[in-house]
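Subject: Structure handover

Hello,

Here is the structure we discussed, followed by notes on what was found in it. Please read the notes with the coordinates open.

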Amino acid sequence: MLNILVSNEEGKLKETNQISNGCWINLISPNEQEIQKISRELDIPIEFLKDPLDEEERSRIEKDGEHILIIVNIPLLSVDENDHAMYDTIPLGIIIAKNCFVTVCLKDNPIFHSFSEGKIKNFHTYKRTRFAFQILYLMSTSYLKYLKQISKKIDKIEKELHQSMRNKELFSLLNLQKSLVYFTTSLKSNNIVMQKMLKSNYLKMYEDDQELLEDVIIENQQAIEMAETHTSILSGMMDAFASIISNNVNIVMKFLTSFTIILSLPTMVASFYGMNVSIPYQEYSHSFLVAISISFLLSSITAIVFWRKRFF
């Protein structure tokens, strides 16, 4: 998908069909024809447009003549085959061309919607450096937002695990742990790129732009610390609750075993008195009540012993 957008003086976007100076070209999972068109008309190296479409592409900044490529990993919320929320990261390519601003991504994401819906103040497509930093700032805040969601999910699963004997909750925690690993790896890679942008001369920055980039780095660093903290907590929690689940199963098995022993005593007494041989008091008129009384007495004594030993 290829969208060409231009902002007016008020910062509102409008879509156009022609590439002009100061426009924003947004490529979402573009086909080969769209890639060739943008590469040809803007004289952008074809690798700059194709590299961000590789899911395994690492974060980096690269310059070729008047074109600058910035690749960062942005967070993405999706669902698996069981409709469970999954958190992952995908590369986002930001190309600062001579007269245009180009973004390339495999999937649409809420970061772009914030600009198209007019939620960002002081936004203009022709201010290319500031536009790039605004995208990076939204990316960092998105990480923080998703990390808060993960934290709430962990708390919810923790409550369920207190009485659980299933592996479902542990699998949910495992998925969240994988998401945190992806987030931590991507955030650290992004941090290296932003530090390089701050120290190098790749981009021409005004004082406001530099302050914005410093704010982005601070937000990104906070996200790294939060992700590492949650990862550490989650790792210990999974080990603890694996033991808790095993202990809950042991408690249930102990109760069932004790209950089975108590029920087996009346069966044993009835078996003795049901033999086809001569037994004491078989002619006694109240022998049935005697057998029932013996069964009840043995079961009661056993139950009291088990209760005192806290078997149930």
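Helices here are DSSP runs of H or I with at least four residues, numbered from the N terminus. His-230 lies in one of these, helix α6. Please keep in mind that this is a predicted model.

The sheet

Seven strands make up an open sheet with mixed pairing, in the order β2-β1-β3-β7-β6-β5-β4. Its edges are β2 (13–16) and β4 (60–64), each of which pairs on one side only. On average, neighbouring strands of this sheet are turned by 25° against each other, direction ignored.

Arg-60 stands opposite Ile-71 in β5. The hairpin of β4 and β5 has two residues between the strands, and in this hairpin Gly-65 takes a positive phi near 65°.

Next come β5 and β6, which also run antiparallel, joined by 12 bridges. In this pair, Val-72 stands opposite Leu-92 in β6.

Strand β6 (residues 85–96) then pairs with strand β7 (residues 101–105), again in the antiparallel sense, over five bridges. The two form a hairpin with four residues between them. Ile-96 stands opposite Phe-101 in β7, and Gly-93 stands opposite Val-104 in β7. As for cover, nine of the 12 residues of β6 are buried, which leaves the strand mostly covered.

Helix α5 (residues 168–199) packs on the sheet and touches β4, β5 (67–79) and β6; the direction of α5 makes about 20° with that of β6.

Nonpolar cores

The largest nonpolar core has 57 residues, of which Trp-24, Ile-70, Phe-115, Leu-136 and Met-197 touch the most other members. At least two residues of this core come from each of β3 (24–28), β5, β6, β7, α3 (110–116), α4 (128–161), α5 and α6 (207–273). The most comes from α4, with 14 residues.

Which residues does Met-197 touch, not counting residues up to four places away in sequence? They are Ile-61, Ile-70, Phe-133, Leu-136, Leu-203, Met-205 and Leu-213. Another core, of 18 residues, lies apart from the largest one; Ile-4, Ile-25, Phe-48 and Leu-69 are among its members.

Helix packing

The axes of α5 and α6 come within 8 Å and cross at roughly 155°. Angles over 145 degrees count as roughly antiparallel, and that makes α5 roughly antiparallel to α6. The crossing of α5 past α6 is left-handed.

A second pair is formed by α6 and helix α7 (residues 287–308), which pack at an angle of about 160° with their axes 9 Å apart. The two are therefore roughly antiparallel to each other. Their crossing is right-handed. On the α6 side of the contact are Ser-258, Ile-261, Ile-262, Leu-265, Pro-266, Val-269 and Tyr-273. They meet Ala-291, Ile-294, Ser-295, Leu-298, Ser-299, Thr-302, Ala-303 and Phe-306 in α7.

Two residues to look at

Is His-230 buried or exposed? Its relative accessible area is 15%, and buried means under 20%, so His-230 is buried. Leaving aside neighbours within four places in sequence, His-230 is in contact with Leu-147, Ser-151 and Leu-180. Leu-176 is 54 residues from His-230 in sequence, and the two are 9.7 Å apart in space, C-alpha to C-alpha.

The other is Gln-134, which has its place in helix α4. Gln-134 counts as buried because its relative accessibility is 8%. What is Gln-134 in contact with, leaving aside its neighbours within four places in sequence? The residues are Phe-115, Ile-120, Lys-121, Asn-122, Phe-123 and Leu-212.

Regards

Conventions:
Residues are numbered from 1 along each chain as its sequence is written. This is a predicted model: local features need pLDDT of at least 70, side-chain atom pairs count only at pLDDT 80 or more; totals for chains, interfaces and linings use all residues. Side-chain values use heavy atoms; hydrogens and water are left out. Two strands pair if DSSP finds at least two bridges between them. Axes are lines fitted to C-alpha atoms, for helices over the stretch in contact, and angles run from 0 to 180 degrees between N-to-C directions. Contact means heavy atoms within 4.5 Å. A nonpolar core is a set of buried Ala, Val, Leu, Ile, Met, Phe, Trp, Tyr and Cys residues joined through side-chain atoms within 4.5 Å. Buried means under 20% relative accessible area, exposed over 50%, partly exposed in between (1.4 Å probe, protein chains only). Angles under 35 degrees count as roughly parallel, over 145 as roughly antiparallel, 65 to 115 as roughly perpendicular and the rest as oblique. A crossing is left-handed if the near helix is turned anticlockwise from the far one by less than a right angle, and right-handed if clockwise.
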